[in-house]
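Take a walk through the model shown here. Keep the viewer open and follow along from one site to the next.

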Amino acid sequence: MSTEITQHSHAATLQTESHGHHEGDHGHHHEESFISKYVFSQDHKMIAKQFLITGMIWGVIGGLFSVLFRLQLGYPDMTFPILEDMFGKWAAGGRISNEFYYALVTMHGTILVFFVLTAGLSGTFANFLIPLQVGARDMASPFLNMLSYWFFFLASVIMFASLFLQTGPASGGWTIYPPLSALGQASEGSKLGMDFWLVSMAMFIVSSLLGGLNYITTILNMRTKGMSMTRMPLTIWAIFFTAVLGVLSFPVLLSGAILLLFDRNLGTSFYLSEIVVKGEILPNEGGSAILFQHLFWFLGHPEVYIILMPALGMVSEILSVNSRKPIFGYLAMVGSLFAIAILAFLVWAHHMFVTGLNPFLGAFFVLLTLLIAVPSAIKVFNWLTTIWRGNLRFTPAMLFAMGFVSLFISGGLTGIFLGNSTLDIHLHDTYFVVAHFHIVMGVASMFGMFAGVYHWYPKMYGRYMNNTLAYIHFWVSLAGAYLIFWPMHYFGLAGMPRRYTDWSNWQSFNMFADANRAISTVAMVVFAVQLLFIFNFFYSIWKGRKVTTQNPWGANTLEWTAPIRPGHGNWPGDIPEVHRWAYDYGKDGREFIPQTEAVSDSESKH
Amino acid sequence: MTETVNIQRGRIHPYKFTMWVAIGSIIMMFAGLTSAYIVKRSQAGWVMIDIPLAFWFSTVVILASSVTVHLAVRASRERDMPGYRKWMVATAVLGTVFLILQTKGFMDLRAQDIRLVGAGSNASHSFLLAIAGLHGLHVLGGVAALLVIAWRVVRSRTRTYSSVPAEVISTYWHFVDVLWIYLILFFNWMR
């Protein structure tokens, strides 16, 4: 009882501290109603779960879309009457219409890139881990943090509503290049669906900015005593750089999107010039479509690191914990994250090699792009040396982390191909690109996210997820990832273009018919296994094996010093003080030494 | 309470720091827009822009508002609550005058038959509208924040003498001021 009282008084302290300008009537904050605990919660842990579960719902929708368009790609000559029953005119005659296909790929990209792998991944783990791992009671501003989720929710509602428009959702690709996206008469999806897309993304950007501000401020200002920057776990470093990238690059996308809204609705000519649509000559003059691409990719490239970096951090942590060895080259890991963050801003034009970019300029972008291989290789080397001769525990989180490293290597190597502007002339807009970014950014980050969920699930819900289901999930996902995307490299090298509804009219691509069918089958199996994961997740919330010890993985970081089910405020009593870095595993004959333990005189130096 | 305060000692207040990061973010947005402007300007079909006279008057007004917001912070630090409230409201009024002058500037352009949007518009004046308009929205947000904070001082039952809200909003206000000066000089030199 006494501890409970202490905890409450600290929660109240937190409230008065962070809401100093309120009336100070938060003393009874702990008597939370259902609404303030589960809906409009200001507790970072609950907000993290909100992000995660919303992200999972989007993951199912986005994944289902890929299954639908894989049906078309795998079986171009077959009809599926059930599709017509479900989607009506969009799948007339049981075949996915061209408009529907483009809407599906556009929404698949948008949903997975922004709603699942940005909000679902960063939103979840930044919120959950930052206060727990740096030793803070909550975020710098719990209120802004709550707003961040609700802006994401609003963005989700608008994007979801766009799926049900009569003219369909946006369908010009997730990169929404004008003039296609700017002109309603150019395609069905460029009508109302595109306005919904832009407004939804504007809300999404506000959400990421509010989140990012909080993440940065909390990491820099709210660390507990003794938690110097160089003692922070690599998860926090990775989330920090992610947030910096987001705060600096999302506003630029917003500028690009605002100008596009002007062009669409106010008849301006930022991106439009001398266009004829269906015989009609448009009055717009002097605009530049390439301008949009510059603005878009100035965000778009950092965005792929926004997706990837939290996974880099979590994988480093999970590999070290489950190898029972310190992370190899901690400062090199931090330095390489920093290098990746800087380079992220200097390589955007490699998405535009074939848009008429000055080849002289292209050479610089090639050089800077290939430079990313250096920090990436440092990270891979350090992960491998971390697990090298370690005492490996193959928990589901560990398997996903190792799977991540595998995918990061395979996908990273093809990046070196694509980073060369000369090779890009052949490879751009082919399945080679699809294979590259799905492996290195899509599936790899997804694996990082799964690793994180399995690893921190006991902290989130006080229960374990089922291991057998987790192992099935891992092996099918890993095998599936390679079976789906490996063959696509060969399609791409043969010149097979992406974004085509039906490739069967080309004699040269008919040789891939069997492979395409196989890919579609595997895609369905992999999708089914993700549903298994979701079942496991929700089943375990109520029925999972209970966590009985505070520190089930024997990890050093601060979140495992909090109670099994921490309340709002995280620690009853004082916030623990930190005396060492997060990676003292297997030191002086001890398996692990938590960060809270003081350094003794007899200890060897690291 | 003491414990949490101890942690904060010697460090910048988290809210102030958040504001600085937010300012960095807004800078990136306007950097994106003005660099798009520069790229566009170097291409064919650029029409030189006219800066309406009202914009220069609005510049004077927003400069004056930076002085009033500074006085508001000083009053807040000295716990002179009536003075604090007075200068906050004065700043909000000047902000509103700024917005009215900006609107008048665009109406003057329209009166000179310069199209900002729609058929026959040139990207140059559309840029002026988009960039100055977005800046105006940021000022509008600032005015709203000033009024909310001033209203809280009136309404609040318990007296809180924290100068943090005043300092945070003044940082923002000085920023939108400096941003406007950058923008008007930019438009003037990069016509």
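A:Ser249 has 0% relative accessibility, so it counts as buried. This is a predicted model, and every value here is computed from it. Find A:Ser249 in helix 8 of chain A, which runs over residues 234-265. What does A:Ser249 touch, leaving aside residues up to four places away in sequence? The contacts are A:Phe298, A:Leu299, A:Pro302, A:Ile306 and A:Phe345.

Go next to A:Val529. This residue sits in helix 17 of chain A, residues 513-543. Its relative accessible area is 8%; the cut-off for buried is under 20%, so A:Val529 is buried. A:Val529 is in contact with A:Ile472, A:His473, A:Val476 and A:Ser477, again not counting residues up to four places away in sequence. Now compare sequence and space for A:Val529 and A:Trp475. They are 54 residues apart along the chain, and their C-alpha atoms are 9.8 Å apart.

Helix 6 of chain A is the next stop. It covers residues 142-162, 21 residues in total. From first C-alpha to last, helix 6 of chain A reaches 31 Å. That is close to the 30 Å expected at 1.5 Å a residue. Which of its residues are buried? Among them are A:Tyr149, A:Phe152, A:Ile158 and A:Met159.

Now turn to the surface. A nonpolar patch there is formed by A:Leu384, A:Ile409, A:Leu413, A:Ile416, A:Phe417 and A:Leu423. Together these residues have about 490 Å² of accessible area. Where does the largest share of the patch come from? Four residues come from helix 13 of chain A, residues 396-418. A:Phe417 has its place in helix 13 of chain A. With 39% relative accessibility, A:Phe417 counts as partly exposed.

Charges come next. Side chains of opposite charge can pair when their charged atoms come close. How many salt bridges are there over all chains? The count comes to 15.

Start with chain A. A:Glu597 and A:Arg590 form a salt bridge, with the closest N and O atoms 2.5 Å apart. A:Glu597 is partly exposed at 28% relative accessibility. A:Arg590 is partly exposed as well, at 36%. Chain A also holds a network of salt bridges, which links A:Arg580, A:Asp584, A:Lys587 and A:Glu603.

Move to chain B. B:Lys16 pairs with B:Glu167 in a salt bridge, and the closest N and O atoms are 2.5 Å apart. This pair links distant parts of the chain, 151 residues apart. B:Lys16 lies in helix 2 of chain B (residues 14-41), and B:Glu167 in helix 6 of chain B (residues 164-189). Are the two partners buried or partly exposed? B:Lys16 is partly exposed, with a relative accessible area of 24%. B:Glu167 is buried, with 11%.

The last pair stays within one helix. B:Lys104 forms a salt bridge with B:Asp108, with 3.0 Å between the closest N and O atoms. Both lie in helix 4 of chain B, residues 81-111. They are four residues apart, about one turn of the helix. B:Lys104 is partly exposed, at 44% relative accessible area. B:Asp108 also counts as partly exposed, at 27% relative accessibility.

Technical notes:
Residues are numbered from 1 along each chain as its sequence is written. Chains are lettered from A and ligands numbered from 1 in the order in which they are written. This is a predicted model: local features need pLDDT of at least 70, side-chain atom pairs count only at pLDDT 80 or more; totals for chains, interfaces and linings use all residues. Side-chain values use heavy atoms; hydrogens and water are left out. A salt bridge is a side-chain nitrogen of Lys or Arg within 4 Å of a carboxyl oxygen of Asp or Glu. Buried means under 20% relative accessible area, exposed over 50%, partly exposed in between (1.4 Å probe, protein chains only). Helices (H or I, at least four residues) and strands (E, at least two) are DSSP runs, numbered from the N terminus. The expected span of a helix is 1.5 Å times one less than its number of residues. Contact means heavy atoms within 4.5 Å. Patches are made of residues with over 30% relative accessible area and no salt bridge: like charges are joined within 9 Å, nonpolar side chains (Val, Leu, Ile, Met, Phe, Trp, Tyr) within 5 Å. Accessible areas come from the Shrake-Rupley method with a 1.4 Å probe; for residues, only the protein chains shown count as cover.
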